[in-house]
Number of protein chains: 2
Amino acid sequence: VINISQRAKNFPFSPIRKLMPLAEQAKKKGIKIYHLNIGQPDIQSPKIFLDKLKNYNEKVVAYDRSEGREEFLESFCRYYRKNKISLKTQNMIATYGGSEALFMAFCILFDKDDECLTIEPFYTNYLTIAQSCDVKLKTVTTALENNFQLPPIKEIKKAVGPKTKAVLICNPNNPTGALYPEKVLKELIDFCCQKNIFIISDDAYRDFVYDGKKIISLLSFKKAKDIVVVCDTLSKRYSLCGARLGAIISRNEKVIKSALKIAQSRTSISSILQSAASCLDQVPKNYFSKILKEYQSRRNTLIAGLKKIPGVKFGHPQGAFYLIAELPVKNSEDFCRFLLNDFNYKGETVMLSPAKGFYLTPGLGKNQVRIAYVLNCNDIKKSCLILKKALQKYTINSK
Amino acid sequence: VINISQRAKNFPFSPIRKLMPLAEQAKKKGIKIYHLNIGQPDIQSPKIFLDKLKNYNEKVVAYDRSEGREEFLESFCRYYRKNKISLKTQNMIATYGGSEALFMAFCILFDKDDECLTIEPFYTNYLTIAQSCDVKLKTVTTALENNFQLPPIKEIKKAVGPKTKAVLICNPNNPTGALYPEKVLKELIDFCCQKNIFIISDDAYRDFVYDGKKIISLLSFKKAKDIVVVCDTLSKRYSLCGARLGAIISRNEKVIKSALKIAQSRTSISSILQSAASCLDQVPKNYFSKILKEYQSRRNTLIAGLKKIPGVKFGHPQGAFYLIAELPVKNSEDFCRFLLNDFNYKGETVMLSPAKGFYLTPGLGKNQVRIAYVLNCNDIKKSCLILKKALQKYTINSK
């Protein structure tokens, strides 16, 4: 028998997507599902993008520049300028969404068997990306009780070894919604500068920060210009998950030169979509303020709803659109399957992501779920009610 | 000083794209360049695709299924059925063009330090992709004198070691235009089946076969169903290089299951472009026959033109749209730079790819170039004349 690689055998299935077949079965039975499992916003994509797409009038859909179309990169620069960060197009390479930017960062910063330190719970795809380039992922753990804030720098110091080439953070955090304050980030920067360790910053949710707080970009720390690599994406910013547009950004010239070589190896990203996206920084400012207001209400609605369910604990997310909740169950994956397979409330159910897949440390997250509050407040209210009813029934069943 | 990985330092620049900055400078000086360096066809993309793109009317550009949109995968199945190959959507995962399919194949079939055997000269991107997952590329060499046909199976046997997990072929071949006959492929299949070695087949050019010859797909060998992994793309088939749409195809379930896990780690490919591409198998049959006729004329025009240049040798390509030519120069990269930097004939010049980058064995290809015959016959005629004039001037200069 012919064998695939050990590497491939070790790849995890996405905890966000692995229950999809069960959801499809439930839908076939006529059950309506509230999708709180995936960070797919229901916000309309900007009209300016859709219009430009309709007006695409090239006759030959040709390759683009490997580094990204000039006007596309310039629109990133203008977006950052509005956010008080000065960048040049030479500081970035266009990517297939944030995921390719992450892949490039891993390829460029690590050799095989090197270590990447990240914060647990983490966006699972980090693990597959690390494994695909033979990088070992290590974690420091954050806790619900502490609102998933970064641990003290001394714990990070303890976790860093001679093989640690970079620390990977996601701010605001997927899956916890934690927002890291400037002081803590500054400590991390100081430590990494001193130790000559890169910081990879997954900034997918940088536009989603609530309660009047501000996002601190690692690009704003001048002293860190050689060690900071930012993975950015338009997926959440402009509700364009299906456009697969992003960028890897760094002021370290060697990093960008290497990213260009990887970019050349896959020719270019889509010329059509870059062309449509180059105008996105013209989206009016109230586009964001409206969305922010909406998400803040959704978060508040979710929190209010969860508070009414006995035995459920959760942190207070200040950014992104996720929340980690601890449920009064032993095995949240089993409960998530139950929600799709064996339960409905008036013909409706909810889909959640079991949180175990967001942890590396065995045993952690087993009774937790990630909830993506990407639906309107009314649907979130209904989802909380369904969740409450489901927990009641599940608890009785398991007795 | 902080250091990037050794892996990244070793990445090559694309020989096809590395001279682009020189081309941009030449254009700024007002010089017209005939781009024979890159496989970017000038053929119009199908109207059916562009129309569907204009009619895209989703309000939210959402993620798609990681494995690919059902209707997109079905259109692949229909295309293959027309070509007498029966596949199910479960045999494939949609990818960002052929390059991601290749990357997935490398990730799935090889562990670090395993070896992939390919045929030299080869599409350079194989090297970057192999390096990004720490796979060693080994080669058996094919020669211009032999029209770049596969070497006898005994030479392949000799090159296969205990670490060789797969043989990678490209048929018809980029960069040589060689088409492999059924008998030779059957021998290769028999050998790999016996040895339990995968075959990765880069089928990017499967629709471009001339002189009334037929392409033999490795998917048509029943006995090889577990060992064959095909990397397919719409880039050349439908002149959609900038759409970045392709698929990894295999009847080996473990391969496809692993590909799905990698696919999940980058969420999905573009929903917009999959939607527009799902109708492409409805392209009328004469779309291909017209294109084939055109390319065959271009190839004949190129050969006729090259024959008039003293000291130029080349094979007789039977597929794809490339030709490897040996020039009467010592260093073809230096000559390619000369073409862009120091030469023009009546305000025009040509851009070629130095062939050294398509070889792994040091010293090979140094006096060769890859010529992509992707322009109309008139432009190819002009390009040959320019090449002739340039070689005259270059030879005088170097004396």
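The model is predicted.

**How the chains meet**

- Chain A brings 89 residues to the contact, and chain B brings 88 residues.
- Of the interface residues of chain A, 99% are also interface residues in chain B, so the copies meet through the same surface.
- The size of an interface is often given as the accessible area lost when the parts come together.
- Between chain A and chain B, the buried area is about 6,900 Å², and carbon and sulfur atoms give 56% of it.
- On the chain A side, the residues that lose the most area to chain B are A:I2, A:R17 and A:Y63, which together make up 12% of what that side buries.

**Links across the interface**

- There are 2 salt bridges across the interface of chain A and chain B.
- To see a salt bridge between the chains, find the side chains of A:D113 and B:K112, which meet at 2.6 Å, N to O.
- Polar contacts between chain A and chain B come to 50 residue pairs, counting those with both residues at pLDDT 80 or more.

**What the chain A side is built from**

- Six helices of chain A each supply at least two residues of the side that touches chain B: α1 (6–10), α3 (47–54), α5 (97–109), α6 (125–132), α9 (253–265) and α10 (271–277).
- The helix that gives the most to this side is α9(A), with 9 residues.
- Sorted by kind, the residues of the side of chain A that touches chain B are 41 nonpolar, 27 polar and 21 charged.

**A sheet in chain B**

- Strands of a sheet pair through backbone hydrogen bonds, either parallel or antiparallel.
- Here, 4 strands of chain B form an open sheet in the order β9-β10-β13-β12, and the pairing is antiparallel.
- At the edges stand β9 (313–314) and β12 (353–354) of chain B, each with a single partner strand, so one side of each has no neighbour in the sheet.
- The partner joined to β12(B) by 2 bridges is β13 (residues 368–372) of chain B, and the two run antiparallel.
- Within this part of the sheet, B:S353 is placed opposite B:R370 of β13(B).

**A glutamine in a loop of chain A**

- You will find A:Q149 in the loop that lies between β4 (136–141) and α7 (153–159) of chain A.
- The side chain of A:Q149 reaches the backbone oxygen of A:L179 at 2.9 Å.
- Leaving aside residues up to four places away in sequence, A:Q149 touches A:T142, A:A178, A:L179, A:Y180 and A:P181.

**Backbone spots to look for**

- Most residues other than glycine have a negative phi, and most peptide bonds are trans.
- In chain A, the peptide bond from A:N174 to A:P175 is cis, with omega near 20 degrees, and A:P175 sits in the loop between β5 (164–170) and α8 (182–195).
- In chain B, the peptide bond from B:E120 to B:P121 is cis, with omega near -5 degrees, and B:P121 belongs to the loop between β3 (115–120) and α6 (125–132).
- A:S239, a residue other than glycine, has a positive phi, near 50 degrees.
- That serine, A:S239, is in the loop between β7 (228–233) and β8 (246–250) of chain A.

Notes: Residues are numbered from 1 along each chain as its sequence is written. Chains are lettered from A and ligands numbered from 1 in the order in which they are written. This is a predicted model: local features need pLDDT of at least 70, side-chain atom pairs count only at pLDDT 80 or more; totals for chains, interfaces and linings use all residues. Side-chain values use heavy atoms; hydrogens and water are left out. Contact means heavy atoms within 4.5 Å. Buried area is the accessible area (1.4 Å probe) that two parts lose on being put together, summed over both. A salt bridge is a side-chain nitrogen of Lys or Arg within 4 Å of a carboxyl oxygen of Asp or Glu. A polar contact is a pair of N or O atoms within 3.5 Å; within protein, one must be able to donate a hydrogen and the other to accept it, and residues adjacent in sequence count only if both atoms are side-chain atoms. Ala, Val, Leu, Ile, Met, Phe, Trp, Tyr, Cys and Pro count as nonpolar, Asp, Glu, Lys and Arg as charged, and the others, Gly among them, as polar. Two strands pair if DSSP finds at least two bridges between them.
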